[in-house]
Amino acid sequence: MASSSLLHPSLSSLSSQRTVSYQSPSPRRPLSVSCTSSTFEPTSSPPPLRTRAADENIRDEARRHRPTPHNFSAKYVPFEAVAAAAAAASPESYSLDEIVYRSRSGGLLDVQHDMEALGKFDGAYWRRLFDSRVGRTTWPYGSGVWSKKEWVLPEIDDDDIVSAFEGNSNLFWAERFGKQFHGMNDLWVKHCGISHTGSFKDLGMTVLISQVNRLRKLKRPVVGVGCASTGDTSAALSAYCASAGIPSIVFLPANKISMAQLVQPIANGAFVLSIDTDFDGCMKLIREVTAELPIYLANSLNSLRLEGQKTAAIEILQQFDWEVPDWVIVPGGNLGNIYAFYKGFKMCQELGLVDRIPRLVCAQAANANPLYLYYKSGWKDFKAVTANTTFASAIQIGDPVSIDRAVYALKNCDGIVEEATEEELMDAMAQADSTGMFICPHTGVALTALDKLRKSGVIGAGDRTVVVSTAHGLKFTQSKVDYHSKAIPEMACRFANPPTEVKAEFGAVMDVLQDFLKSKKSK
């Protein structure tokens, strides 16, 4: 019988006396892993459930079962050193307990993990450890982010973690949509929007607010946390700050986000400033403000958030039994997420969990497409653009902070950038919804990229493809109402499905229903 350490797997218990036989999997075959260990036996009966005292919560329980100390660590290094493959030799680095957002040269920072220490444990070990934590309520491993704690913030105390058990989101087999519209049998949608605040931003915000919680306990000069937002970041920030009792400040572009997005930070008690500018203008202001006031910057300029977002990539591999998909398509605005996915996949490859990484596609709205234009120029001429209004409002960004990160990721995975017009993204959203999904416009952008790459033959009918859905469709109901009402100027709304008005008479209702049923029989 395996001991109860399976519920609280420590590094020492999994590594003791183990022998592992691992071979690269054949296509579409799960990994074959066998191991013998005095404390970890995947083939044995489940461990007995542990009960807590009536006055004990899951944090209390975690304190009683603290894992064996380890020597894993992480620090900030200049991103330009990472891109030059010289991070290990960089003379510039910062503790994660320092409040710093840019390198001395003004460039981005990146969180660098001690890969040598992590690499002392083989890929099979990490797969077993991560898999053993799925579906549990053990603090903090019930979170899809913190179940990979050693790869995220290895040195943070469990008591400092602020989590809503985010992550572990549905990987949906888009069976009918794939077959009907793309001739594909292996199309999947990673529903990151099925999360605490309805978007993938929760994955990064749990990490950032947890670190802020730690900084405040260390008496660092942090009074509150602020962000500029197109909606989803502010929702995540305000929720996690409210959970931890930390003041949150939100800069929003006036009249440019949905009411569903606006009400979330308001409901969670954030101090909301509605500013007469676009996202880029809000971003400029929040950077100036945080340089003068003890407000911690929460935008993706801050590399901590990417550590949480990268766990979605690891999660995809887990959900495929550690098989690697051929393609992953990610909507892109400020462009931190495409780099986060690359980083998650790359860490898995470097530490031996998988033997390759997928090709990534970054999908942009044509009304806010600076990365697409840069890609089409052969990476020769980047120019920020003035973002025009798009239904995909969360990626309505013309001067992305993470442009260098995104380019690095795409170049290193043979990646592609595509774009979607407003009509294309709305049609794609309507098509997906007609097959049982309820997606956001940003996912419509990614599905448009899929459509174009299928039609050009770049993505094959048999390629295992994952489309990342970044937010819940319920945040964008007005765009769906407008589409199905055919109320969008200069848009045909080809797949609109408006209600049929009929008199409250039996005969009239029967006539309408008979016509409807005949139309279905003829198909």
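**View 1. Strand E11 (residues 327-331) and strand E12 (residues 359-365) pair in the parallel sense over five bridges.** The model is predicted; local features need pLDDT of at least 70, side-chain atom pairs count only at pLDDT 80 or more, and totals for chains, interfaces and linings use all residues. Residues are numbered from 1 along each chain as its sequence is written, and side-chain values use heavy atoms, with hydrogens and water left out. Strands (E, at least two residues) and helices (H or I, at least four) are DSSP runs numbered from the N terminus, and two strands pair if DSSP finds at least two bridges between them. Val328 has Leu360 of E12 as its bridge partner. From E11 the chain crosses through helix H13 (residues 336-350) to E12 in a right-handed β-α-β crossover, that is, clockwise from the first strand over the helix to the second with the strands pointing away from the viewer.

**View 2. Strand E11 also pairs with strand E14 (residues 465-469).** This pairing is parallel, over three bridges. Thr465 in E14 stands opposite Trp327.

**View 3. Both faces of E11 are covered.** Trp327, Ile329 and Pro331 lie on one side and Val328 and Val330 on the other, and all are buried (under 20% relative accessible area, 1.4 Å probe, protein chains only). In a regular strand, side chains alternate between the two faces of the sheet.

**View 4. Helix H5 (residues 123-132) is mostly covered.** Nine of its ten residues are buried, including Tyr125, Trp126, Arg127 and Phe130.

Key:
Buried means under 20% relative accessible area, exposed over 50%, partly exposed in between (1.4 Å probe, protein chains only).
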